[in-house]
Amino acid sequence: QVQLVESGGGLVQPGGSLRLSCAASGRIFSISDMAWYRQAPGKQRELVAGITKEGITNYSDSVKGRFTISRDNDLNAIDLQMGSLKPEDTAVYYCNADIRSPAKGGSRYYNYWGQGTQVTVSS
């Protein structure tokens with residue numbers, strides 16, 4: 001069984017910073033892409049930032065230049081450093097990963113989600 005556990009959400013004032021962390025645990029053979037998504041009330045879940053195992057990153061236009069995603073392959077973990085936060089960044093943030101785990105006949109990649117962590121940007 002594999003779990004993704006996020007931490008670091010909370011309430012922050014506009015212009016402030018916050019760091020989210022996500023760690024994968026369980027029966028893991030390897031992890032390919034990892035990412036952060038977010039979902040605001042009444043809106044669809046959207047990709048915020050992604051990172052490959054080799055460290056190649058991509059960002060949504062709305063966070064480019066303000067957020068930085070990083071990864072520690074030894075710890076099976078990713079972080080999201082968020083700066084210059086705006087009220088429109090308010091959402092539940094989810095960690096996502098493609099993880100190769102044991103399966104019948106060997107192993108295969110599964111896509112996993114964390115439980116989400118609330119980020120609220122408000123004065």
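**Entry 1: the model.** I am working from a predicted model.

**Entry 2: aromatic pairs.** I searched the whole structure for aromatic pairs and got 3. I took tyrosine 94 and tryptophan 113 to begin with. Their ring centres are 6.4 Å apart and the planes meet at 85°, so I wrote this pair down as edge-to-face; the cut-off for that label is over 60 degrees. I also looked up where the two residues sit. Tyrosine 94 belongs to strand β9 (residues 91-103) and tryptophan 113 to strand β10 (residues 106-113), so the pair, 19 residues apart, links distant parts of the chain.

**Entry 3: buried or exposed?** I checked accessibility for both partners. Tyrosine 94 has a relative accessible area of 14%, so I list it as buried, because buried means under 20%. Tryptophan 113 comes out at 37%, which makes it partly exposed.

**Entry 4: a second pair.** Next I went to tyrosine 110 and tyrosine 112. The centres of these rings lie 6.2 Å apart with the planes at 55°, so I call the pair tilted. On accessibility, tyrosine 110 is partly exposed at 27%. Tyrosine 112 has 19% and counts as buried, since the limit is under 20%.

**Entry 5: arginines over rings.** I then looked for charges above these rings. Arginine 45 lies over the face of tryptophan 113, and I noted 4.6 Å to the ring centre. Arginine 108 has its charged end over the ring of tyrosine 110, 4.1 Å from the centre. Tyrosine 110 is also the partly exposed member of the tilted pair with tyrosine 112.

**Entry 6: a sheet.** I turned to an open sheet of 4 strands. I read its order as β1-β3-β8-β7, with antiparallel pairing. Which strands stand at the edges? I have β1 (2-7) and β7 (67-72) there; each has a single partner strand, so one side of each is left without a neighbour in the sheet. Neighbouring strands in this sheet are turned by 15° against each other on average, ignoring direction.

**Entry 7: β3 against β8.** Strand β3 (residues 18-26) runs antiparallel to strand β8 (residues 77-82), and I counted 6 bridges between them. For alanine 23, the bridge partner in β8 is alanine 77.

Key. Residues numbered from 1 in each chain as written. Predicted model: local features only at pLDDT ≥ 70, side-chain atom pairs only at ≥ 80, totals over all residues. Heavy atoms only, no water. Phe/Tyr/Trp six-rings, centres within 6.5 Å; stacked < 30°, edge-to-face > 60°. Helix = DSSP H or I, 4+ residues; strand = E, 2+ residues; numbered from the N terminus. Buried < 20%, exposed > 50% of the residue type's maximum accessible area, 1.4 Å probe, protein only. Lys NZ or Arg CZ within 6 Å of the ring centre and 35° of its normal. Pairing = 2+ DSSP bridges. Axes fitted to C-alpha atoms, helices over the stretch in contact; angles between N-to-C directions.
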